[in-house]
Structure formats: C-alpha cells, structure tokens
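Subject: Structure handover

Hello,

Here is the structure you asked for. My notes on what was found in it follow below.

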Amino acid sequence: MTFVNEAIVDISGLTKTFGTTRALDRLDLTVTRGEVHGFLGPNGAGKSTTIRVLLGMLRKDSGEVRLFGGDPWRDAAHLHRRLAYVPGDVNLWPNLTGGQVIDLLGRLRGGLDEERRHGLVERFELDPTKKGRSYSKGNRQKVALVAALASDVDLLVLDEPTSGLDPIMESVFTEYVEQFRAGGGTVLLSSHILAEVERLCDRVSIIRSGRRVETGTLADLRHLTRTSVVAELARPVTGLAELPGVHDLDVQGERAIFEVDTVRIDEAVGLLHRAGIRSLTATPPTLEELFLRHYGDEIPAADPEREADGS
Amino acid sequence: MTGTGRFLVAFLRRDRWHYLWWALGATLLYYSQAVSVKGLYTTQAEFDRAAASMQDNTAFIAMAGPARALNTIGGQVMWQASAFGAVVVGLMSMFLVGRHTRVEEESGRDELLRASAVSRHASLTAALVGSLLANVLVGALVAVSLVSFPLDRADSVAVGVGLALCGWVFTGAALVAAQLTSSTRGMYAVSGAVIAVVYALRAIGDVGDPVLSWLSPIGWYQAMHPYSGLRWGPALLLLGLAAAASGAAYALFGRRDFGGGVWAARPGPDRAEPSLTTALGFAWWLQRASIIGWTGGIALLGLAYGSIGDDVGTLIGDSSGSQDVFVQGGGSLVDGFYAVAIAVIALVGAGFTVSSALRPHSEEESGRVEVLLATGLTRRRWLLAQVVVTIAGTLLVLAGGGLGLGVGFGLVTGDGGRIGPFLLDTVGYVAPSLVLAGLARLLYGVLPRWAYLAWAGLGLGVLMVFFGPLLRLPGWLQGLSPYHHLALVPAEPFRWLPFVALLLVAGALTAVGLVGFGRRDLR
C-alpha cells in the first residue's frame with residue numbers, strides 16, 4: 001500500500017436507480033489521501049445520492065465503491081468510525097440540546113477531542129444549552145459541524161455544510177477544514193459556494209445527471225475552458241475564422257473579439273501577432289463561468305479524453 | 001387595529017375546513033345522543049328505571065357530570081355530551097389559537113407579516129376573533145340541531161350558547177398560554193393541562209364537594225341546567241372569565257419579546273450524560289415521555305373500570321346482546337366483565353405498542369437516522385435498541401393498566417386481593433401486542449412505504465374482540481387477530497400454549513424485519 005496516492009474514496013462505474021429514475025449513471029469519483037476534494041454539480045445531479053451510497057445508506061445497483069479500501073455497504077459501521085458526516089439539511093431531535101447531540105454523535109463515532117470541541121463551540125458562537133427545536137437552520141448546521149470537526153477521524157464527508165451559515169462562520173469553517181487537512185485529513189466537500197471551493201479544494205469533480213463530466217485541479221479545469229480575447233490590430237486579421245477552437249468571432253475592421261479554447265490560445269495569438277497587435281485583452285474564465293458552462297444546458301456528452309488527470 | 005380584518009379573512013380562509021369538521025363533530029356528539037336515547041327505550045317506565053340506575057353510578061357522574069332529569073331525552077343529551085363537548089371546543093380553540101400564534105412565530109412567517117404595515121396586535125386579534133367565531137359556529141349548529149330534533153327551544157339554545165362560551169374561555173386560556181410559553185409544544189401542553197384540570201375539578205366536585213365544580217367553567221356550563229330548570233346566570237360567569245383571560249393575554253403580549261415567552265425557555269444541559277449516548281440509552285430517551293404518558297393514561301382507564309367494582313350487573317342491564325358479550329368465556333358475570341375490560345385495556349395499550357414500533361419509521365422519515373447511522377452505530381444495533389424499548393414500554397403500559405384496575409377494584413370493594421391477579425392477567429396480553437409490534441417491524445424493514453398498515457392489525461384486533469363472537473364470524477377470520485388466541489382471563493384459566501406461540505410469532509416477524517432493514521436503502 002502506498003501512502004502517496006492512496007485512494008480514500010474510490011468509486012467507478014457506480015449506477016443507482018430509484019424506480020425508473022437513474023440517479024447515478026456509471027459515476028466515477030476518486031478522492032486521494034490528504035486532499036480536499038470539491039464535489040460539484042447542479043441540484044439533482046446525484047451528489048447526495050453518491051454520498052449516501054458511500055456511507056452505506058443506499059445499496060448500489062452496480063459498479064465498484066471502496067471506502068478506505070473496504071466495502072461501505074457491508075462494513076458500514078466499522079468504516080464510519082474513521083469518518084464524520086455533515087448532511088446538507090441537519091434535523092435535530094426537538095428535545096435534545098445542541099451539546100447533547102454533539103456528545104451523542106461524537107461518542108457513537110468513538111470519541112471527541114474535548115479541547116477542540118470546546119474551541120469549536122466558542123468559535124462558532126453556539127449555545128449548546130438550547131433545545132433542537134429552537135435552533136435556526138444555521139445553528140443546526142453548526143451543531144453537526146462541531147460534532148464532525150471535533151471528532152478524531154481521517155475523512156470528513158460534508159454535503160453542503162455551510163448552507164445557512166453567515167460569512168464569518170463560513171470563514172471559521174474554512175479555517176478548521178484547512179487545519180484538518182494540515183493534520184493529514186481528507187475531505188469530500190459537496191458545495192455550491194465557489195469562493196469556498198476555490199479556497200479549499202485541491203481538486204474538484206463536477207457531475208451532471210449522475211455522471212462525472214469533469215475532474216481535476218481548478219487550474220486543469222480552467223485550461224479546458226475558453227478565454228475571451230479582445231484585440232486592436234494594425235490590419236485586419238486573417239485565418240482566425242478557420243482556426244479550430246475559435247468561437248463567436250466578431251471582426252470589425254482592425255478590431256477582433258472572440259473566444260478561444262484555452263489550449264488553442266497560442267495559435268490564435270500567433271495569428272493576431274501577424275496582424276500586428278496594438279492592444280490585447282485576454283480574460284481567463286471566472287469560476288462562475290466555468291461552472292455555469294458545466295451546469296448549463298449546452299454540454300457535450302462526457303468525453304474521456306477531455307478529463308484531465310489530476311495526479 | 002390596521003390589518004386585523006385582512007388577517008382575519010386570511011385565517012378564515014385557511015381554517016374553513018377545520019371550522020366545518022370541528023362543528024360537525026361536536027354537533028354529531030350531541031345529536032347522536034338524542035337519537036340513540038330515543039331509540040333505546042320504548043316506554044317511559046323503562047326509561048325511568050334505566051335513569052334511576054344511572055344516577056347512582058359514581059363513575060358515570062365523575063365522567064359526565066351531575067345527573068339531572070335523566071329520564072328525559074334533553075337531560076340525557078346534556079348529561080352525556082356536555083362535558084365531552086366542552087373538551088372538544090377546548091381542543092378546537094387550543095389548536096386554532098396555536099396555529100395562528102405560536103406556530104406562526106416559530107416558523108418565522110409571523111415576523112414577515114408583522115413587518116408589513118399592520119398594527120402590533122393585528123394577528124393576535126385576528127387569532128382571537130377567528131377562534132371566537134369558530135365557537136359561535138359550533139354552538140349555533142349544536143343548538144339548531146337540537147331544536148330541530150325537536151327538543152325545547154330555549155334549553156337547546158342554552159346548550160349551544162353554553163358550549164360556545166366554554167370555547168371562548170378556552171380560547172382565552174390558549175391565548176394566555178401562547179404568551180407564557182415560547183414554543184408550540186409548550187403552549188399545547190399548558191392549554192391541554194388547563195382543559196384537563198377544568199374537567200377534573202368538576203369530576204371531583206360532582207361526586208364530592210360541589211364547591212370544586214363551581215371552580216370549573218365546565219361546571220358552570222352544566223350548572224345552567226338546560227332541560228331541568230334552565231338558568232342563565234352561570235353563562236355570565238363564562239362570559240366574564242373569557243373576557244378576563246383574553247384581556248390578560250393582551251397585557252402579557254405587550255410585555256414579551258417577539259419569539260419569546262413570558263416564561264423564558266429553559267436551557268438544557270450542555271453535555272450529554274453517558275447513559276444517553278449508548279444505542280439503548282438513546283432509544284429509551286426517545287420514547288421515555290411517551291411511555292410515561294401512556295402508562296399514566298392506561299392506569300387511569302384501569303382505575304375507571306376497576307371502580308365499577310363488583311356491581312357489574314346493574315350497569316350492563318338486561319339487554320341480552322350485552323350479556324352475551326360478557327359471558328362469552330363462561331364463568332361469572334363479574335369475571336366476564338373484567339375479562340372484557342382487560343381486553344379493552346390491552347387493545348388501548350396496543351396503541352402505544354404500535355406507535356412505539358413505528359417510531360423508527362418516523363425517525364427515518366424526518367431524516368434524523370442518517371446522521372446516527374453515519375457513526376459507528378450499526379443498523380441492527382440501532383433497531384434492536386428500539387425493539388427492546390418497545391417491549392419494555394409495552395410491559396410497563398400493560399402493568400399500569402392492570403395495576404389501575406386492581407387498585408380501583410380494591411378501593412370500591414375493599415378487596416385488595418385482586419390487584420396481583422388483575423396485574424398478571426393484563427400483562428399476559430403482552431404476547432398479542434408484540435405480534436402487532438412484530439408486524440410493524442416486518443413492514444418497516446421490508447416495505448417501509450406500508451409501515452402504517454401495522455395500525456390495520458390493531459384495527460382487526462379491535463373488530464374481532466368486539467364483533468367477532470357477536471357476528472359469529474368464521475373462525476379463520478377471527479383467528480387472524482392475535483388477540484383471538486389468548487384465554488379470556490379471568491373468565492377462563494390462563495393458557496400457556498397460545499401465549500408462547502404468539503411470542504414466537506412476534507419474534508419471527510421481528511427477526512425478518514431486522515434482516516430486511518439491514519438490506520434495504522434508507523429513505
């Protein structure tokens with residue numbers, strides 16, 4: 001067993017159907033030790049279903065699912081002692097205080113770090129003496145987060161963990177996740193908050209309609225997308241329209257506006273250069289554009305060649 | 001009072017079906033008494049005899065109210081329906097007020113509404129007026145139905161007016177409770193306790209010191225004496241108390257914060273005691289309140305049956321149909337009566353058993369199981385802990401019923417010797433009840449969508465116990481009910497074979513359910 005690229009989560013070809021709906025369709029997902037892996041996709045893409053299969057709540061139809069090298073369906077409880085899970089929508093028992101829930105979940109997981117528990121309650125400004133029914137959504141989320149982050153585990157499985165948290169609490173969360181990673185921990189983070197993803201994640205996987213459509217580092221993903229170019233030239237450019245990878249070309253005399261696949265940028269700029277560049281603006285895609293492109297409708301079928309290798 | 005009218009219209013729209021069903025229910029309660037009393041006795045002499053035996057029965061008086069003019073249809077209607085009718089309007093008022101006060105505040109919707117251009121009291125006033133109107137509707141329908149029966153016009157109107165005024169008092173009480181507590185649950189607990197105390201005061205007063213009945217609004221309602229010398233004075237008491245309570249609610253409303261109550265929400269422990277954080281400890285904690293409540297309630301039911309004592313014959317009367325029910329097991333009428341009483345207690349107690357066995361289902365539906373099972377807790381241990389608590393709870397509930405029965409019997413007859421036997425006889429019903437629990441487990445584990453069908457099992461048990469022998473239903477049909485196989489103790493001697501067999505069936509059903517739960521998707 002090597003510890004460099006050891007897969008903590010290793011899913012390949014996972015299919016899960018509910019009745020006639022195919023929630024997961026040959027999904028692949030790999031999370032290696034020590035990384036924070038962003039798990040992204042539009043609502044209903046199958047993120048939560050994947051996590052629930054991974055936790056042994058749902059039984060897979062076909063495919064391979066390994067968690068810490070074990071079978072999450074058969075050895076669920078045994079494997080669960082090494083992870084902590086925070087669902088996107090935390091439901092608490094109306095009569096149990098937040099503090100009681102933290103202890104309950106922590107002890108069932110095999111113990112809490114008392115010092116960290118104390119620190120987390122303080123940093124999250126959580127009142128642990130309030131009953132579950134009187135917590136707001138954000139506070140219910142904090143209860144589950146404290147219970148998870150104070151546990152001594154190897155893996156955090158977080159399903160949109162910061163929904164309902166204010167920005168200050170969100171940054172407290174980020175800080176603890178970074179600490180956790182610095183200590184050698186692994187994180188699977190499903191999230192819609194792009195700033196959070198950008199700050200925390202080493203790699204991301206984007207899924208749509210139950211299939212992975214993209215995986216890699218954020219830099220890799222950026223590489224796969226288009227750059228917007230605006231150029232003022234000495235004379236009209238030629239050959240740009242014929243260049244593969246150029247889109248939405250708009251030439252007005254000496255001015256050219258277009259988008260180009262980032263892998264083709266060198267050739268495009270070469271053509272511009274021949275026409276004499278007076279000014280050039282090249283804007284890399286923002287994360288939002290990146291995700292909108294993947295979340296939106298105009299997406300080609302997954303093409304294995306396009307999937308960047310994250311290693 | 002800007003905005004009150006708009007709120008009121010919105011509330012009335014939202015509640016229109018509630019209004020209708022509560023009003024129809026209450027009307028049916030009164031009207032059906034009139035119909036059934038009229039159909040029951042063919043001659044006035046027969047009616048007089050029945051009335052004479054009823055008016056000496058302390059248990060009945062404690063349950064219904066002071067016995068007046070029981071040999072008239074009107075007197076019977078007032079006696080049998082008024083106390084329960086008052087409880088019905090009490091519950092209706094509590095829920096209607098709760099819906100538009102605490103529930104709205106807890107959900108945050110009220111905040112949204114209050115932030116618009118309305119006066120501070122608008123939603124409170126609308127909730128008050130809405131509930132008052134609902135009670136007027138109930139009272140009016142009851143009065144109209146009784147006048148049309150036909151019963152005396154003025155007295156029938158008084159029955160309706162008194163009922164509506166009782167509802168007004170409970171509306172005021174619920175409105176006060178909504179200001180005192182800071183949660184919907186707390187508000188319902190306080191309002192429910194007020195209804196219970198008001199009912200209990202008149203029960204104790206009616207059989208003992210009449211002063212206590214005069215401390216109870218239900219007592220005032222019954223003191224209006226419709227159909228037996230109507231007087232309107234007590235109605236003024238009801239009106240006065242309703243006004244005072246509503247006024248108090250307004251005063252309290254001004255003194256509390258939005259979302260809070262006059263009584264601050266009590267903080268709980270910030271750490272969990274070790275006993276809570278084991279599978280079994282947690283399952284027990286989850287159901288503790290329900291077990292205590294059911295045990296107490298069933299003990300009271302047992303007490304009520306037991307307090308009939310050995311004076312069973314006069315109560316049942318000479319109707320051959322009812323005699324048949326009680327002597328079906330052979331043996332004496334007293335033993336036959338208590339055999340049925342114990343079966344009834346067991347069937348009511350099975351309500352706890354089925355709801356307890358379905359608790360894992362509601363936990364799963366509300367999404368709280370997932371977090372638990374994502375820890376080191378296995379599915380099997382989690383569910384087994386729930387099974388253990390259901391068994392223990394069922395034993396406790398049945399023991400409570402048997403003990404109540406024995407103690408009630410002992411208090412009335414002075415014979416405490418039956419406490420032990422009654423207790424054992426009742427607890428023996430644990431076997432068929434656990435078969436129902438097993439059915440619930442099986443459905444939950446294998447077909448969770450159909451888990452609530454376990455209630456049908458209890459329904460079948462109830463039908464077979466009451467109607468199986470009377471309707472001479474075929475043996476196989478009666479045999480479907482787990483209750484059919486047990487000896488009707490104490491009318492028949494206890495038999496071990498069916499007892500053990502039922503336990504084995506319960507165990508097998510539970511085992512299949514456990515295996516099924518281990519193999520299916522969580523929902």
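**Chain B: fold and contacts**

In chain B, 74% of the contacts between residues at least 6 apart in sequence join residues at least 24 apart; two residues are in contact if their C-beta atoms, placed from the backbone, lie within 7 Å.

This is a predicted model: local features need pLDDT of at least 70 and side-chain atom pairs count only at pLDDT 80 or more, while totals for chains, interfaces and linings use all residues. Residues are numbered from 1 along each chain as its sequence is written, and chains are lettered from A and ligands numbered from 1 in the order in which they are written.

Chain B has 24 helices and 0 strands (DSSP runs numbered from the N terminus: helices H or I, at least four residues; strands E, at least two). Its radius of gyration is 26 Å, close to the 24 Å that the globule rule gives for 523 residues, so chain B is as compact as a globular protein of that length (taken over C-alpha atoms; the rule is 2.2 Å times the number of residues to the power 0.38). The C-alpha trace spans about 70 × 65 × 40 Å along its principal axes.

An automatic or database assignment divides chain B into domain 1 (4–253) and domain 2 (276–519). Their C-alpha centres lie 33 Å apart.

**Interface**

Between the chains, 30 residues of chain A are in contact with 25 residues of chain B. H3(A) gives the largest share of the chain A side, 8 residues.

Regards
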